[in-house]
Every structure is written in C-alpha cells, then in structure tokens.
Amino acid sequence: MSTTGRFAGQTAVVTGGTRGIGRAITKALLAEGATVWASYQGNEAAAEALKAECAAHAERLHTSKFAVGDYAACEAFWTMLETNAPNGVQILVNNAGIRRDQIVGMMTPEQWNEVLQTNLAGSFYMSKFATLAMMRKRYGRIVMVTSPAGAHGFQGQANYSASKAGQIGLMRSLAREVGKRKITVNCVSPGFIDTELIADLPEEIKKEHLSMVPVGRFGSADEVAWAVLMLCAREAAYIHGTTLEVTGGI
C-alpha cells in the first residue's frame, strides 16, 4: 500500500509516545505517513489503546517498552532499530517525562534523582544514540519537549524545573555539535496543556496556572504536536538550536 504525507518513508522515535502529548505526536506523525516507534515505560493499557485507535496505521506503528533513564535499555533499543529500521531513523522526539513534586526542604534524594534520570538523562541517552545513527545518514531532526518550568521555576517542582532547564542546555550544546551534519536540534516548550500530567494538580493550583495564560485556556496536546511536526519537517532546516514556546503567551 502506498503511503503519502509529509513524512512518508521516514522513521520516527517518540519517547513517552503512548500517552498525553507523546500520544498526540505519535498520531500526528502516523497521519503524515511516518513509521513510528513509540516508547513507554509501564502502562500497557495505554499502549494497547493507542494501537487499537491507530489500527489503520498498524503496519507503521510499533510500541516498545523500556525506561529511557536506563542506558543499557536505550542502547538495546537502538541496536534493535539497526535491523528493524534499515533506512535509519530520521526523527527523535524526546518527550518522556515524569513529575515527583515536593518543596525542596522536603524533597527526597529519590524524588530528585528519579525525575532527573528520566527527564534529563533519558534525553541524553536517546539523543546520543540518535546522533550516532543520524550522522551516518547526514540527516536528522531531534526535538526535546521541555517546559516553561525550566526558565521560570515552579513552586514544588525544583527537580522537574532543573530537568527541563537541563534539556535546553543539552539541546544548545548538541545543536552546535551536529549542525554541519544536516541534523537540527530544537526544543518545544509546552505551557499548561490539558493532559494527565496536570490532571492531578489541586484545583486551586490549576486556577492559579490558568490565570497566568493570556489566551485564557489550557492548550491541547494536538497543538503541541503541530509545533513538533513543524520542527521535524525537511523545510525546517534553518530552525536550529532554539526553543519554540507553545504556551498561550505565558
């Protein structure tokens, strides 16, 4: 069956690609013709629900269960892709992220380390292997899903904010290293997006966040996915080393 679309013939990896923003990115890439490998850490039900919803693209959707904060697991995943994606991977979206909120004085080392390991170390591990694969083909698009928390900091989220600021620093350094190889590296910074990541926040905190948004509403995962796909397009070859905010004006 012939496939048409902006990303036909390309292979994309989306970490945390079965829920929330990652799910929307996976679906958008599939709709534009890409073959997508969506990673997830443990929610089997969400992975199965995504596959059922995207049954029309079943031959181009693959899910892979592993923790991006586990270096050996990331290495094994990319080794597997050498066989299963013989034409290489053209797109990596580092979307996997977790929160373990607590004020600094009460935050445990485990809460700090778990968030930094998944959000920041996971982005490094996946980008390292993607870069090696993309340099051989002299083409690639890497997008990291960061957050305004990295620039502004949010109360009770020092670990999350540090991890997101770190992603921006990682992106800037990597952009300088690979630009001449026709690989672009950028961040997308979603603001308050109506997904399960903010669903568990207390109502008073949600109202406080909403009051900060000039457009007067939370964003949708599909709106973030549109921004990610724009940066992944071949036409975005001169957008490099930057952070695109999708925040409603925060």
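Author: Ser-189 is buried, with a relative accessible area of 3%. Buried means under 20% relative accessible area, exposed over 50%, and partly exposed in between, using a 1.4 Å probe and protein chains only. The model is predicted, so local features need pLDDT of at least 70 and side-chain atom pairs pLDDT 80 or more, while totals for chains, interfaces and linings use all residues. Numbering runs from 1 along each chain as its sequence is written, and side-chain values use heavy atoms, with hydrogens and water left out.

Ser-189 sits in strand S6, residues 183-190. Strands are DSSP runs of E with at least two residues; helices are runs of H or I with at least four; both are numbered from the N terminus. Setting aside neighbours within four places in sequence, Ser-189 contacts Thr-146, Ser-147 and Pro-148, and also Thr-243, Leu-244, Glu-245, Val-246 and Thr-247. Contact means heavy atoms within 4.5 Å.

Now the cores. The largest nonpolar core has 30 residues. Such a core is a set of buried Ala, Val, Leu, Ile, Met, Phe, Trp, Tyr and Cys residues joined through side-chain atoms within 4.5 Å. Phe-7, Ile-25, Leu-29, Val-93, Val-188 and Val-228 touch the most other members. At least two residues each come from strand S1 (11-14), helix H1 (20-31), strand S4 (91-94), strand S5 (140-145) and helix H9 (221-232). H9 gives the most, with eight residues.

Take Val-188 from that core. Leaving out neighbours within four places in sequence, Val-188 contacts Val-143, Met-144, Val-145, Thr-146, Val-224, Ala-227, Val-228, Leu-231, Leu-244 and Val-246. A second, separate core has 28 residues, including Val-13, Phe-77, Tyr-125 and Cys-187.

Helix H3 (residues 71-84) packs on H4 at about 25°, with the axes 9 Å apart. Axes are lines fitted to C-alpha atoms, for helices over the stretch in contact, and angles run from 0 to 180 degrees between N-to-C directions. H3 and H4 are therefore roughly parallel. Angles under 35 degrees count as roughly parallel, over 145 as roughly antiparallel, 65 to 115 as roughly perpendicular, and the rest as oblique. Their crossing is right-handed. From H3, Tyr-71, Cys-74, Glu-75, Phe-77, Trp-78 and Glu-82 meet residues of H4, among them Tyr-125, Met-126 and Phe-129. This contact holds nine nonpolar, no polar and four charged residues. Ala, Val, Leu, Ile, Met, Phe, Trp, Tyr, Cys and Pro count as nonpolar; Asp, Glu, Lys and Arg as charged; the others, Gly among them, as polar.

H4 has another partner. H4 (residues 109-137) packs on H6 (residues 158-178) at about 15°, with the axes 8 Å apart. H4 and H6 are therefore roughly parallel too. H4 passes H6 in a right-handed crossing. The H4 side includes Trp-112, Asn-119 and Phe-124, and the H6 side includes Tyr-160, Gly-166 and Leu-170. By class, this contact has eleven nonpolar, nine polar and one charged residues.

Asn-119 has a further link. Ala-96 touches Asn-119, Thr-118, Thr-15, Gly-16 and Val-68, not counting residues up to four places away in sequence. Ala-96 lies in the loop between S4 and H4. Ala-96 is buried, with a relative accessible area of 14%.

Definitions and conventions. Left-handed = near helix turned anticlockwise from the far one by under 90°.
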